[in-house]
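Visitor: Can you walk me through this one? Start with how you count contacts, please.

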Amino acid sequence: MQNMTLIRKLITVVSLITATPVLLMPSVVWAQQGQPTIEQLLQEPFLDDYYSNVVYGYEIITDTQNNASRYVGNSLNCSNCHLQAGTQKEALPLNVAGMYPKWRAKNGKRNGIGLRIRECFLYSMDGIMPPEDAPEVLAISAYVSYLSQGQIMGAEPEGRGVPTLPDTGYDPNPANGRAVYLEQCASCHGVQGEGMVGMPPVWGLNSYNKGAGMNDIREAAGFIWANMPLGNGKSLSHQQALDVSAYLNLQIRPSDPRDSKFLKLLEHLIN
Ligand code: HEC
Ligand code: HEC
């Protein structure tokens, strides 16, 4: 009797050991190598609900113009500021799922990742705030979760946001900033800040609006210092970054949507 139970137990154990790798093969392989890359996902003939949303989110971030156009009011893509599809440190990386919900002084309440995403549509993309359950918002949330894999929940990821520049002892000087702009930026972003093919505008009605995080002189200076001129980041002095940021800040751009609905309508007509 005792022998039988032992044998049965042995059989169960052996069959479990042999069956497990077969049943769990894909996830075991992924778990070992880390999660699949976007390139790998794009080649899969079939994706489950989670990963199809991840890929859709990626496509929205990198080509917002075509994949979320109904909520976009300017000519930017999310990845023009969230560089390398939100994977680059010190360039507003999007591996931040573990930071939310979070209190935000800007709207005076606790924000989930969904609201945070929707606000970038309203300000940075000078568009309309998508509804909470818009497929675009859900897909971007999935992509943000995907990027956040391996981060410690509640802990600030390394390289989050942009660097905070030290106090240089001088105020940001837009006149000096103009010289920096013409010398170091205009070749790509245009003398009138209008951008060109493959180069996003940095002011004008197709740029981010006055309510956007990038319209904050220090925030933009941190971004510019770390990342611009593109491919040659950290080549400007802190003061040059502050100066050129102050110059951008003086230029015309869409109004803050919190200021006036009428103004927004007028801009829309001019555009
Ligand atoms: C070699 C071309 C090039 C130069 C020079 C350059 N940029 Fe950029 N910049 C880009 C590109 C391209 C992007 C978008 C990056 C992307 O989509 O991956 C960008 C993005 C930006 C953004 C955020 C997106 C936007 O349009 O608002 C700002 C702000 C910016 N650059 C400012 C500057 C400033 C200031 C300088 C000069 C110090 C500068 N850039 C120099 C190519 C350049
Ligand atoms: C013009 C530049 C710009 C564009 C375009 C832009 N963002 Fe942002 N985004 C920022 C800045 C600057 C911040 C951080 C400052 C702040 O909180 O206001 C930010 C913050 C975020 C955060 C929070 C990051 C964190 O560290 O907590 C998320 C999520 C986000 N953006 C999503 C998006 C999405 C999605 C899009 C496209 C629909 C987008 N952004 C387009 C500039 C931009």
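Guide: Two residues are in contact if their C-beta atoms, placed from the backbone, lie within 7 Å. With that rule, residues 24 or more positions apart account for 65% of the contacts in the protein with a separation of 6 or more.

Visitor: And the ground rules for the model?
Guide: This is a predicted model, where local features need pLDDT of at least 70, side-chain atom pairs count only at pLDDT 80 or more, and totals for chains, interfaces and linings use all residues. Residues are numbered from 1 along each chain as its sequence is written, while chains are lettered from A and ligands numbered from 1 in the order in which they are written.

Visitor: How many helices and strands are in the protein?
Guide: The protein has 12 helices and two strands. Both are DSSP runs numbered from the N terminus: helices are H or I with at least four residues, strands E with at least two. The order from the N terminus is α-α-α-α-α-β-β-α-α-α-α-α-α-α.

Visitor: Switching to ligand 1. Which residues are the closest?
Guide: Cys185, Cys188, Pro200, Met228 and Pro229 are the closest of 24 residues that surround ligand 1. The cut-off is a C-beta atom, placed from the backbone, within 6 Å of the molecule.

Visitor: Which helix gives the most to that shell?
Guide: That is α9, with three residues. Helices α9 (186-189) and α10 (217-227) each supply at least two.

Visitor: Why does ligand 1 lie between two domains?
Guide: Because domain 1 (39-148) and domain 2 (174-270) both give residues to its shell. The bounds come from an automatic or database domain assignment.

Visitor: Now helix packing. At what angle do α3 and α7 pack?
Guide: About 100°, with the axes of α3 (residues 49-62) and α7 (residues 135-148) 7 Å apart. That makes α3 roughly perpendicular to α7, a label for angles of 65 to 115 degrees. Axes are lines fitted to C-alpha atoms over the stretch in contact, and angles run from 0 to 180 degrees between N-to-C directions.

Visitor: Which residues meet there?
Guide: Tyr50, Asn53 and Val54 are among those in α3, and Glu136, Leu138 and Ala139 among those in α7.

Visitor: Last one. Is Leu248 buried or exposed?
Guide: Leu248 is buried, with 24 other C-beta atoms within 10 Å. Buried takes 20 or more such atoms, again placed from the backbone. Leu248 sits in helix α11 (residues 238-250).

Visitor: What is Leu248 in contact with?
Guide: Val202, Trp203 and Ala220, leaving aside neighbours within four places in sequence.

Notes
Parallel < 35°, antiparallel > 145°, perpendicular 65-115°, else oblique. Buried ≥ 20, exposed ≤ 12 C-beta atoms within 10 Å, placed from the backbone.
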